[in-house]
Each structure stands twice: as C-alpha cells, then as structure tokens.
Amino acid sequence: MALNTQPNLHEPGKRHFRAFSPGDDFYEALIDTHRDLTDEQSAMVNARLILLLANHIGDISVLREAMQIAREGA
Amino acid sequence: MLSTFQYPKFEYVRPPEIAEGKEGYYPVVIVGAGPVGLSAAIDLAQQGQSVLLLDNDDTVSIGSRGVCYAKRTLEVLDRLGCADEMVQKGVSWNVGRTFFREEEVFNFNLCPEPDHHRPGMINLQQYYLEDDLIKRARQLPNLEIRFKNNVIGVTPADDRATLRVETPDGAYTVRADWLIVADGARSPIRTMLGLDIDGKIFMDRFLIADVVMKADFPTERWFWFDPPFHRNQSVLLHRQADNVFRIDFQLGWNVDPEVEKKPEKVIPRIKAMLGDDREFELEWVSVYTFQCRRMNSFNHGRVLFVGDAAHQVSPFGARGANSGIQDTDNLVWKLKLVMDGKAPATLLDTYSEERCYAADENIMNSTRSTDFITPKSTVSTTFRNAVLGLAEQFPFARALVNSGRLSVPSFLVGSRLNTADSDVFAGTMIPGAPMDDAPVAMADGTQWLLRAVGNRFQLLHYIPDASALDAPTAQALRSLVDAQIPVEAIVVAERGTAPAGLKTLIDAKGRVRERYDLREGTSYLLRPDQHVAARWRVLDVARVRAAVARATCNA
C-alpha cells in the first residue's frame, strides 16, 4: 500500500457536516496534547507519538515513504 | 481619508414622550441599530409587530468593519427583503491564495456547489449593509427608528422592562413588554443589568486598513503566513465594493495601537506588501483586539440578547455579524408566537439553547483558526509551519491549513424542538438542519426553494406528478392550515399541478429530490427560520400536528 496523502481523518460515531471539521478536530487535539509542556517535553511527546503511530500503521514501506517526505522538508 | 462613501446623517426627531411629558409604551423595543438590531426590527415589523428601535448614534458603521457576509446571512436577508441590493453591490470571490514566507503554497477555487441562489459569501463594507437595512426598515410603517436616543437605565420586571432614554432634548421613560438588546460587544445594557459574559481575551492586536487601489488588482483573497514584508505575523488582503481593499495585519501584543494607526506607520507597511510602484490611497485605519466569550444565557425574562452583546468571536471566519443575524432569524418567530399567546415563554429558552450551541460552534471554529494563524508555543509554530510546508504538495495538508473557516449555519441536531426521525433518509437534511437551497419553478414566479419557504410553518410533500395527488391526501394537506399555528402545505413535484387550494413547487432540476432524499409521500415539516423540524416517508396529519406542538413547546 502506498502512503495516503489525501484527506483521511474521521471519527467513528461522529457525524461531520462540514468538510473542514475532522481535520480541525484532529489538529486541535494535537495542539492540546502539547499544552503547557516545555519544548523538551514536547519533543519527547512527538517522539512517543510517532512510535505509537508507526506501530499502528505497521507497513514499513509506508513508513519509509513518509519518513523520506518528512526529511525532505526539514 | 474616507472618500468612496458618503456617510448619511440620520435626523434626530424629538420623541413624543418628551413633547407630551409622559411615559411611552411599546410591545417590543430593540436597542442598537447595527446589522443585528436592524434585522430583528425588520423581521418583527414584517410579521406585523410594531417595533421601536433605539440607537445612540445618527449614522452607519464608521469604516468597513464587518466585511464578509455569508450565504446563510444573504438567505435571511432575502427573507427580510433586502439581499438583492447587497449582492449587486458586494464582491464575490472564489479564488484564494495562501502564501508562506516567500512562496505561494497553494491556491483554491471555492467553485460553489451548483444550483444555489446565493454565493458562499460576498465582501461588502458594513456601512453599505447597514445603509440598505435602514432603507428597508423605513419602508415598514410599524417600525420606528429613533437616532440619538441613548439608553441610560433598564429596570426589568416579570412582565416588562422599563427603559430610561437620554436624548438631546432630555430624558424620557419607555415601557416595553419585550426588550431586545443588540447594543454590541461592550453592551451597556448587559453591564447595567450586571450580567456576566465569560471567555478569553486573545493577547494579540490587528491593524485593519481600507485601501483604494488606483490600478486593477485581482478579486481574490490573499493570505500570508510569515511574509518577508511582515515577519512572524500574518496578513490578509481581500476586495470589497468600490475597489476598496481590506488589509489585516497581525501586530502582536506589545505594540502601541495609537502609534500603529498613524498613516506614516501604516503606509510603509502596505508599500512593502504591494511593492512600491502600485498606487493606492488610505481610507480608514483601525487597531483591534478580540475576545471569544458568551453569556451563559441569552434570554433573561423579558430581556433578550442578540449578536455581539450575547457572544463574541475572533474575526477569522466572519462569524460576528453573520451569527448575530442568525440569532434574530432564530429569535423573531419564537418571540412572535409567544407574544401572540400561541406558545409558552419556554419557547424563548430554546432560542438561548439553540443559539448558545451555535455560538459555541462559532467560538470553537474561530479559536481554532486563531490558534493556527497565531501559534502560542514553539511546538505549535513548528506544526503550523510543517502543515504549510506540506500543503504545496499534499492535499491532506491543504485541508489542515486554517486561515479562517467561513461562517456556516449550525445543524441544530440536539434541539428539543426537533422530532427525531422514525424513517430512514440519506443526506444531511436531518431534523435541525438549515435548509439547502435548490432551483424551483412556481406559478407566482418563485425560482428558488428558500424564497418559497420561511416566515411560517410549512410542509413540503413530494409526489412525482402533482396532478395525480389523491383527494384524501389533498384534503389532509389543506387541513393543516386550520390550526392555532397554521401549516402551509406545498406540493413538490416534477410535473403537474396540485388540486385547488394547494401550492405546487416544481423541482426544476431535480435538486430538491436529490438534496432532501424525496420519494413519493415524503413530507418535511419546516420551521419559520428555514430549519427542518421533522420528516416522514408517509404523510400523517396527527404526527405533523404533534411535531408542530413539539417545535413550539406546546407538546
């Protein structure tokens, strides 16, 4: 499976009436996750988050593709 | 400065209470003749209610202020009989460009869904909107506007509110059965009554400038994140009527607004942004801060709060005036039923419930935009910049770029006025939904669904051939009007004419059927504010009556 770069966020049991809502729900939750943390703590949270999500995705070829794109923009 | 618009000066007239030295009485008094107070006054007057509208000033909004009027607002203004002038005068834009630092990262074409009467939004200076609303208000004989009438005291009681009003000729007292408070964000009346409004202040300042361009400039919305001419801040440019462009500069908190407003400070900023060779003239400049907050309840006995007096949002998404006008859309039909003795006062509690829900949605969306545009921490800035960096190439990231989510009406899905579905439907026109528009054809020349509905309870009943409607169904539909709260039935069809006594609405392009998932027999009960109250696959008069009772707190 190739890396999906189309909008793909959704939430089971929640009905969205506006196309922007699921992405905004996620983004708010992401920023909230970092609320009141120091930069060092935030870096650790991000690392843990990536590890958890990588395991959930499972497919290493997908992860390699994402890692490459992420590095290109650094 | 200020050249493209001639500000009207409305005449102050000595009120009869002063001339005659007695207390006045009006069933409804509205305070504040901004877009929201005017909309409420026009709506009530159109419903046959006499209204007194008080304003402490004698002209319209100074400067462009609210500039973006959304589709739902235009639909409400259509119902109030004054959207055409605004749409003609206003500017519609579809192309938006997003810049990050030196680069344009992406552009979008809003390319609206076809077959709606009104565009997604228009840009129009607030003074034009108010001017048109005042013209409309003056066509209504039962609507009296008093300029230079400043409310200095309010005494609420169980069955009335008494106001003390100051004028150039002294003060007078007026009693009202109902008081609608539309006196803006600082709401003196809210303060006089000691009512709280809670929320948060954003530690940021914005400079807004109206600029007249000498040469052509595209009718597009340009949004810059961290541009080279204004580092670490955001800038928004969009066009209004008369070739006037509105520019918003984020300034940060630690600046002196009086210094920033000076032309010698503003002009270089704009020059840096446009490039030095483009000629322009400055019309109006202001610096603002904002808050996101709302009152716990918008109704306090006989005192009803609407618009900025009740709730405030950050400006991103144009959710201020747009949501205030929607407040009045929700309030007026309810107030009229209560005043006519056809519904209990608890119906006004649902005004507060439904509009608090909408206010929370507006505050949530505009706060999210604010947090994206002005990140509050290092990690938040990093994520924002990562999204913008990915947006050039990847659609998912474009969807996350949030430079303002334009005002859209709330789906009032949790309202106690809704009758829950008992049948299965596809699509989004669920109970509580704001109605979707569609092209139609009617004998009276009506060409849009949203022009055919509103101001009263109505029932849409679908059958492919209106001429084939059987006699018992026709009789049942006709009978709906004979009630304390009448329901006007409209037969929606592909062809034919409904039997005598029933209106026929031809679904010109099949969009009504598509958007409302209509099948033969499907019936939609509609509220006077064009929200769906209930729907069924089969018409049953008893269920319609029960749903009307529920939608008016008469159940």
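Which residues lie nearest the centre of the second largest pocket? The points below begin with that matter.

1. The model is a predicted one, in which local features need pLDDT of at least 70 and side-chain atom pairs count only at pLDDT 80 or more, while totals for chains, interfaces and linings use all residues. Residues are numbered from 1 along each chain as its sequence is written, chains are lettered from A and ligands numbered from 1 in the order in which they are written, and side-chain values use heavy atoms, with hydrogens and water left out.

2. A:Arg15, A:Ser21, B:Tyr357, B:Glu361 and B:Met364 lie nearest the centre of the second largest pocket, whose lining comprises 18 residues. A pocket here is an open set of points on a 1 Å grid over the protein atoms alone, where a 1.4 Å probe fits, with protein on both sides within 12 Å along at least five of seven lines; lining residues have an atom within 4 Å of a point. Two or more lining residues come from each of α1 (21-33) of chain A and α10 (346-373) of chain B. The largest share, four residues, is that of α10(B). Helices are DSSP runs (H or I, at least four residues), as are strands (E, at least two), numbered from the N terminus.

3. Contact between the chains (heavy atoms within 4.5 Å) involves 26 residues of chain B and 22 residues of chain A. The buried area, meaning the accessible area (1.4 Å probe) that two parts lose on being put together, summed over both, is about 2,100 Å², with 64% given by carbon and sulfur atoms. On the chain B side, B:Arg368, B:Phe383 and B:Leu400 lose the most area to chain A, together 28% of what that side buries.

4. Chain B holds an open sheet of six strands, in the order β21-β24-β23-β22-β25-β26, with mixed pairing. Strands pair if DSSP finds at least two bridges between them. Since β21 (441-442) and β26 (532-536) of chain B are edge strands with a single partner each, one side of each is left without a neighbour in the sheet. Within this sheet, β22 (residues 457-462) and β25 (residues 523-526) of chain B are antiparallel, over four bridges; B:Leu460 has B:Tyr524 as its bridge partner in β25(B).

5. A further open sheet in chain B has seven strands, ordered β5-β4-β13-β14-β15-β12-β16, again with mixed pairing. In chain B, five bridges join the antiparallel strands β14 (residues 234-239) and β15 (residues 244-250), and B:His238 stands opposite B:Arg246 in β15(B).
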